[in-house]
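Please look through the sequence and the model below before reading on.

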Amino acid sequence: MTKSKKPDQIVYNEDTERYDASLKPYATNVGAPAIQVTDNSTWKSRNIDKANKQIRTKYLELKAEYDKMMQELEYNTLVYNSRYSFEPIIGDTYHLYRDKADKPFLSIIAPSDCNFDYIGSFLLNSELIWKKVEV
């Protein structure tokens, strides 16, 4: 048994074996206007540029935040690995120096009061993270 092909103007769904021209979301008769695809390439390129700029800006913001966080991590590691013989108090500022053996040590003595190799000043915050401060 061979299936006969229906003419192009007849809308027949072979899956459901029904005529379903009235169910289509578009016109199906021969006199219907032609379906034309609009050229949206300028819209696409304009919006691609906008989207890419937004994504690039967000990336640069995140990268700057990441770099800042990594620098804080390095400072925090440097201070915690330094030598000190006291318990630092939260909220106080301490000064980091390098000794003659090039090893870091933490002190309460300000850089203006000594001649040590000064690295930087740090504040211990309430989250027990060392933050670099300017003195």
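The sections below go from the basis of the model to its strands, its salt bridges and two further places along the chain.

## Basis of the model

This is a predicted model, in which local features need pLDDT of at least 70 and side-chain atom pairs count only at pLDDT 80 or more, while totals for chains, interfaces and linings use all residues. Residues are numbered from 1 along each chain as its sequence is written, and side-chain values use heavy atoms, with hydrogens and water left out.

## Strands β3 and β4

Strand β3 covers residues 93-98, and it pairs with strand β4, residues 104-107, in the antiparallel sense over 4 bridges. Helices (H or I, at least four residues) and strands (E, at least two) are DSSP runs, numbered from the N terminus, and two strands pair if DSSP finds at least two bridges between them. Within this pairing, L96 has L106 in β4 as its bridge partner. The hairpin of β3 and β4 has 5 residues between the strands, and there D102 takes a positive phi near 65°.

H95, which lies in β3, is buried, with a relative accessible area of 6%; buried means under 20% relative accessible area, exposed over 50%, and partly exposed in between (1.4 Å probe, protein chains only). The side chain of H95 makes a polar contact with the side chain of S121 at 2.7 Å, where a polar contact is a pair of N or O atoms within 3.5 Å; within protein, one must be able to donate a hydrogen and the other to accept it, and residues adjacent in sequence count only if both atoms are side-chain atoms. Leaving aside residues up to four places away in sequence, H95 touches a set of residues including F105, S107, Y118 and V135, contact meaning heavy atoms within 4.5 Å.

## Salt bridges

A salt bridge is a side-chain nitrogen of Lys or Arg within 4 Å of a carboxyl oxygen of Asp or Glu, and by this rule the count comes to 5. One of them joins R83 and D99, with the closest N and O atoms 3.1 Å apart. Because R83 lies in the loop between α1 and β3 and D99 in the loop between β3 and β4, this pair ties together parts that are 16 residues apart in sequence. R83 counts as partly exposed, at 48% relative accessibility.

R98, D102 and D117 are linked in a network of salt bridges. The closest N and O atoms are 3.3 Å apart between D102 and R98, and 3.7 Å apart between D117 and R98. Since D117 lies in strand β5 (residues 117-124) and R98 in strand β3, the latter pair ties together parts that are 19 residues apart in sequence. D102 counts as exposed at 55% relative accessibility, whereas R98 at 29% and D117 at 42% count as partly exposed.

M70 is placed in helix α1, residues 41-80, and is partly exposed, with a relative accessible area of 30%. Together with Y66, M69 and L73, M70 forms a nonpolar patch on the surface, with about 390 Å² of accessible area in all.

Y12 is in strand β1, residues 12-13, and is partly exposed, with a relative accessible area of 29%. Not counting residues up to four places away in sequence, Y12 touches K6, E17, R18 and Y19. The C-alpha atoms of Y12 and L106, 94 residues apart along the chain, are separated by 86 Å.

How values were computed. Patch = residues over 30% accessible without salt bridge, like charges linked within 9 Å, V, L, I, M, F, W, Y side chains within 5 Å. Areas by Shrake-Rupley, 256 points an atom, 1.4 Å probe, with all protein chains shown as cover.
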